[in-house]
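Hi,

Here is the structure I promised to send over.

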Amino acid sequence: MKAQSSGRPGDELLRVEGLKTYFYTEDGIVKSVDGIDFSLKRGEVLGIAGESGCGKSVTSLSIMRLISKPGKIVEGKIWFDGQDLAQLSEEQMTKIRGNRIAMIFQQPTSCLNPVFKIGDQIVEVLKIHKKMSDRSARDRTIELLTMVGIPSAKKRFDNYPHEMSGGMCQRVMIAMGLANEPELLIADEPTTALDVTIQAQILELMKELKRSINTAIILITHDLGVMAEMAERMVIMYAGKIVEQADVNDLFDAPKHPYTQGLLASIPVLGQVKERLEVIPGTVPSLRNLPQGCRFAPRCPRRMPVCTSEDPDLLKLDGRAARCWLYHPAINPDPAVAEEQTVEQVNSYRQSHRHA
Amino acid sequence: MVTRIDNGSAGRANLSGSQDYILQVKGLVKYFPVRSGILQRVTAQVKAVDGVSFDVRRGETIGLVGESGCGKTTTGRTIMRLTDPTRGAIIFEGQDIAKLSAGQMKHTRKDMQIIFQDPYSSLDPRVPVGESIGEGLLIHGTPKSEREQIVSEMLKRVGLHPEHSRRYPHEFSGGQRQRIGIARALSMQPKLIVADEPVSALDVSIQSQVLNILKDLQRDFGLTYLFIAHNLSVVEHISDRVGVMYLGKMAELCDRNELFENPRHPYTQALLSAIPVPDPRIRRERIILKGDVPSPLNPPSGCRFHTRCWLAQQICTDEEPAWRDIGSENGSGNPHLVACHFAEQTKVKAGGTAMVARNFDPTAPAKESIEGPKS
């Protein structure tokens, strides 16, 4: 497809290891992303879901190296096709950003430059990274606009963003993102600002493009409906950490983490009328002042003594993972027994297995 | 103190006797003038709401759904008289409030309150929340001691602590602020609450908390809700009846179950099919509408949906469809109102939303389609 992407579909494209991105504000350190690991294969769609402040957007901005002061990538590696993005100079990163990794944002109207024609904004991307001539960049742009379903693309080339609707602007953003045939496309809430019928158009378009171009996609959204439709694998984040990771079918069939369970139960689903919705009590903790132990513990219906003192690891379970003491081999999930479990027992278990 | 509690069950019971309307909206029109030139002459009208009629029964929740620009929020605000209607009647408790003066309106507004979408901008940041909640009572001359009592009672009702009344809005999370907004609306002991997108700014786990509170309060206080939202799943959850709006007009209005199981307006069908369902194993046939909603400055002739409708015929361009009752099929005896020339032919198989309009080819180009995504 293109010279620089040497890998085959199914090869690992991205691996994030122990990523920590903190914001050093006057009121203290905000640990927006606090040690996350995940990987992505070529051509795969990975969904990252969670509520506001869980760190899903900061994760994507970290991959793009778009974190600016007072934020900073404090620790961790972002392996992209064998290179650690976290270590690259700004100059090297500029060559990758918009070229091999592209991003589309939530607010299409504010992400396009209002004083330039939409066509010229795409031409710019092609000229910078592909060193195309004016002529061929223009032709390619019209081709791209047609591909994303913009009618009479030749005429639309000369439109300014304010002359287009939100749905059309999002199509332009997608065309721009795909201009250089990136290996990875990060879509941060790409349909959240759009109406449902327009959202349906954009989702359909993304699925179609996925089939024809085979770009790996990281889809970030809080809408679990969109997730179920688009993603192959999912990551659920809560307060800066990954709490669950699974294949999309497994996740919706049998969520493991109490937070995921609560989240799925609390959304009203079309066609399934319930008298009352399930509720996750309380609110998301402040990232400046995190609770001790598991971050979800204060709201968790299955909280055990160990949960409020020790943070669980992301435990591997048969092709998936959950950050919850319930699945720790040293803990018996039977609540009556779990009541007896002490922190010491868990610690001694950890000690004995660390050397094993 | 809070006396309307015992009226609650009575309000609900009246649901069956369909004559007890708390609110009747008749031919409501709201145009916003567009001025231009140095003389600031009116050069055009934004037809935000253009002839909407519906009745609200005492004790029910009526949902209004539609996409941005359909006029649902303007309808709610005009009913509250936060903007003045251009034409039409708003009969609240037997009185047409569309023509009341501001002074007369002050009395009526005690009985109708609004909850806004954005919990951040709808509370005064410089005033302790207790004062915000009690402001309406102050205006209506409730003595201080009673006011404080009602404020703490209301805070308790929405799941907050009475001590919170001295705090400022920035000390609360979005979900808590929305509860404060609800407490403020409740403090006047209203009969009707217009809830304008009350949960759309909230995270899902908080959204369900607020929806449950709204349901509890309705049961305890016998409230009537006009619930405006764009999220159909939320509207389905909370409403007894649902109205679907498109470009300033009502497209369809009927009982909740009837609407979701037997939608008859093509726009409702498309809207229902467009919603992503949180179940990866469900693969639905989806109606993809062509193009965008036309501008309310210059809405299409005839049926306003005809530019995007896959069923459109010549008559749809020429004639505006009547707002008529096609009779509900769920045996409730309640009317099923729809504005479509072909409402009899749009019937879908049982199971409704999942297989909407199989017979129609959604990929076929709509008549006079403005823009087609797959062209």
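A quick word on names before anything else: helices (H or I, at least four residues) and strands (E, at least two) are DSSP runs, numbered from the N terminus. Residues are numbered from 1 along each chain as its sequence is written, while chains are lettered from A and ligands numbered from 1 in the order in which they are written. Keep in mind that this is a predicted model, where local features need pLDDT of at least 70, side-chain atom pairs count only at pLDDT 80 or more, and totals for chains, interfaces and linings use all residues.

Let's start with helix H4 (residues 129-139) of chain B. Just after H4(B), Gly141(B) takes a positive phi of about 75°. Within the helix, Val129(B), Gly130(B), Ser132(B), Ile133(B), Gly134(B), Gly136(B) and Leu137(B) are buried (20 or more other C-beta atoms within 10 Å of the residue's own; 12 or fewer would be exposed, in between partly exposed, with C-beta atoms placed from the backbone). The cover over these buried residues includes helix H5 (144-157) and H6 of chain B.

H6(B) (residues 174-187) also packs with H7(B), at an angle of about 15° and with the axes 10 Å apart. Axes here are lines fitted to C-alpha atoms, for helices over the stretch in contact, and angles run from 0 to 180 degrees between N-to-C directions. That angle makes H6(B) roughly parallel to H7(B) (under 35 degrees is roughly parallel, over 145 roughly antiparallel, 65 to 115 roughly perpendicular, and the rest oblique). From H6(B), Gly174(B), Gly175(B), Gln178(B), Arg179(B), Ile182(B) and Leu186(B) meet Ile206(B), Gln209(B), Val210(B), Ile213(B) and Leu217(B) of H7(B). A contact means that two C-beta atoms, placed from the backbone, lie within 7 Å.

Now the interface. Chain B puts 39 residues into the contact and chain A 41. On the chain B side, the elements giving two or more residues are helix H7 (204-221), helix H8 (232-238) and helix H10 (266-274). H7(B) gives the most, with eight residues. The chain B side divides into 17 nonpolar, 12 polar and 10 charged residues (Ala, Val, Leu, Ile, Met, Phe, Trp, Tyr, Cys and Pro count as nonpolar, Asp, Glu, Lys and Arg as charged, and the others, Gly among them, as polar).

Which helix of chain A packs with H10(B)? Helix H8 (residues 196-213) of chain A does, at about 55° with the axes 8 Å apart. That makes H8(A) oblique to H10(B). Val196(A), Thr197(A), Gln199(A) and Ala200(A) make the contact with Ala270(B), Leu271(B) and Ala274(B), which by class is five nonpolar, two polar and no charged residues.

H7 of chain B turns up again at helix H11 (residues 258-266) of chain A. The buried residues of H11(A) pack against it together with strand S9 (233-238), strand S10 (241-247) and helix H10 (248-253) of chain A. Those buried residues are Pro258(A), Tyr259(A), Thr260(A), Gly262(A), Leu263(A) and Ser266(A).

Last, the sheet in chain A. Eight strands form an open, mixed sheet in the order S6-S7-S8-S3-S9-S10-S12-S11; strands pair if DSSP finds at least two bridges between them. At the edges are strand S6 (101-104) and strand S11 (315-317), each pairing on one side only. The twist averages 20° from one strand to the next. S3(A) (residues 45-49) and S8(A) (residues 216-221) pair in the parallel sense over five bridges, and Val45(A) has Ile217(A) as its bridge partner in S8(A).

Cheers
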